[in-house]
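The sequence and model are shown first, followed by notes grouped by topic.

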Amino acid sequence: MADNMHTNQKMPALTRGGGGGGGAARFAPGKKAKDAKGTLERIVRIYLQWGRTVFAAMLLTALSSLIAVAIPYFTGRVFNIFDVETRSVDETVMMKLLAAVLLLYGANWLVTTAGSVIMLRVSQKLVYVLRTEFFKKMQKLPLAFYDTHSHGDTMSRLTNDVDNISTTIAQSATQLISSILTLAGSLIVMFALNIWLTLVVLLCVPLVAGLTGVITKRSRSYFLSQQISLGALNGIVEEDILGLKMVKAFGRQEEESRRFAEQNESLCENSRKAQIWAGFMMPVMNVINNLIFALVAIIGGFMSARGVLLVGTVVSFLSYSKQFSHPLNAIAGMFNTIQQALAGAERVFEILDESEEELDAENAVQLKDPVGDVEFANVCFSYQPGKEILKNINFHVKPGEVVALVGETGAGKTTIVNLLTRFYDADSGSILLDGTDIRNIKRSSLNKYFSVVLQDTCLFTGTIMDNIRYSNTVATDEEVVRAARLAHAHEFIERLPKGYQTMVSGSMDNLSQGQRQLLAIARAALCDTPILILDEATSSVDTKTEKDIQRAMLHLMEHHTSFLIAHRLSTIRDADRIMVIGEGCIQEMGNHEELMEKKGIYCQMVTSQMGEMK
Ligand SMILES: Nc1ncnc2c1ncn2[C@@H]1O[C@H](COP(=O)(O)OP(=O)(O)OP(=O)(O)O)[C@@H](O)[C@H]1O
């Protein structure tokens, strides 16, 4: 639904399409953008989607700055209507002026609030759009992208960096406009009122610039160290939660606590220093403010006593001197913040510009009633250039055939399946499905041909019922239960307090590995596809259940092609064909009897496993 909300939105500046890029640099505050100008332009172009709203917000910000500049002028005028000689005051004029000042204060509050609210809404929209685009992009990126980018880094870009763009840049933009206008407006009015007092107020410029520079330089380096310490601390926590069983099993609690305490100490130390330096800013600015205030008061008072200047003008100057250093201070601090946000924005754009999965070929088709005829013709593949994993693989599997892939760890069995399901594309050669090259089959329809149960069972947050239904969202409850029975999952599900309504998730540990595998098999059993792939799908369940499941699945898939990858050779001996994969090639091929007779690699593997069983 959230998606629909924005599908019609134009996003001219979001994606450049194609493009390379995509470094895996960790998020580092204080890190500068490589192309700050280009990144800024791109952000501005995104904001321009809401051009009128942004313009309104900027206009309101400008208006509030002008009002802020006008207030001291009118306050001064209130004092100037006092007639020193007659010691009288025109009350009507005074009341009008006071009313004007009050009105200006009210208007300023209203305009500033309205401007901020509008800008906030726009920046939230920007976050929404960027996050949605980012997430959509994540679904379209090839798996090879995730092989080279850490998950934590990608997540950090989606959360921290996107947030940074909206909050920092939106806030900084309004602050910059308001600061520049306040400075310029105040200067113009002050010069018009009196040049000498203006020069006194301007004394604060080098003081503010110099001190802000020193303080921000120091605090920035400590903030950077603080972020690095925080990242390291998070890393320790993450590792400890994931590896808690290992920590307990090897009794490493104390060492882990010490490791955490050291990092925690370093974090505290850096945070303390960062806060102390940042905390200097306000008092220092106050001192400068008060100094200038006192100078203006003394010199202005002196000039007024001499009759060179009206008292009201001195009062105006006192107010201007008070509000002059704040924008200066804000502008000085802003460049640093903007640099950081731009670095974050660049990291977000890097992902948005990553090359997506190859699009469907123009003549891509959708197979009608596929039967599951699979052919690998001269297929070569490498995950990384120069490191060939599969070398010239050739085989032809007829519909309904049960093929087992065996071989030592890392031989390339899963890789064959990865190519068949088009998780990756072959470097050369072709993979044919019912005689059609899979590169000429529409991607959106390809997943309808396979039921896949992978080595790692992935569950999503939801009920067991929802998790099984993941593969076929229109399946009825009865169909889900039937699939669960077939996968031998029904019995254990029924024993759970809430049965099929029990909540599970990817990270919760409330199910055993074997039970998770049974749910994954039930999920695969629920969708009727011509090809079934079980990649070590039953490695964590006991041998008897494994055999029962395979029998049930094979019965279900009777007329469908099946690929089984299993290390326990006893479970695949009934396969129509066994392929021994090794050194990137098919080393042996045949059924169990043929391969045993051949007394080759397969025979050795079986014999050694039988030996282990004895
Ligand atoms: N995403 C990847 N990026 C780079 N190399 C990979 C990737 N996945 C697998 N490999 C490498 O490819 C080779 C074959 O891996 P594959 O997973 O196909 O082996 P396998 O025969 O299925 O092993 P196992 O029995 O342990 O599951 C291994 O050397 C592995 O290190």
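**Briefing**

Arg422 is buried, with 20 other C-beta atoms within 10 Å; a residue counts as buried if 20 or more other C-beta atoms lie within 10 Å of its own, exposed if 12 or fewer, and partly exposed in between, with C-beta atoms placed from the backbone. The model is predicted: local features need pLDDT of at least 70 and side-chain atom pairs count only at pLDDT 80 or more, while totals for chains, interfaces and linings use all residues. Residues are numbered from 1 along each chain as its sequence is written.

**Positive phi angles**

- Arg422 has a positive phi, near 60 degrees, in a residue other than glycine. Arg422 is found in the loop between H12 and strand S6 (428-433); helices (H or I, at least four residues) and strands (E, at least two) are DSSP runs, numbered from the N terminus.
- Asp434, likewise not a glycine, has a positive phi of about 50 degrees. Asp434 lies in the loop between S6 and strand S7 (436-437) and is partly exposed, with 17 other C-beta atoms within 10 Å.

**Surroundings of the ligand**

- The residues around the ligand include Asp147, Tyr383, Gln384, Lys413, Thr414 and Thr415; a residue is near a molecule if its C-beta atom, placed from the backbone, lies within 6 Å of it.
- Strand S3 (374-384) and helix H12 (413-420) each supply at least two residues of this shell, and H12 gives the most, with three residues.
- The shell has three nonpolar, seven polar and two charged residues. Ala, Val, Leu, Ile, Met, Phe, Trp, Tyr, Cys and Pro count as nonpolar, Asp, Glu, Lys and Arg as charged, and the others, Gly among them, as polar.

**Nonpolar cores**

- The largest nonpolar core has 68 residues, and Ala487, Ile521 and Ala522 have the most contacts inside it; such a core is a set of buried Ala, Val, Leu, Ile, Met, Phe, Trp, Tyr and Cys residues joined through C-beta atoms within 7 Å.
- Helix H17 (residues 513-525) gives the most to this core, with seven residues.
- A second, separate core of 29 residues includes Leu60, Ile71, Phe134 and Ile351.
- Buried residues of helix H15 (residues 477-486) include Val480, Val481 and Leu486.
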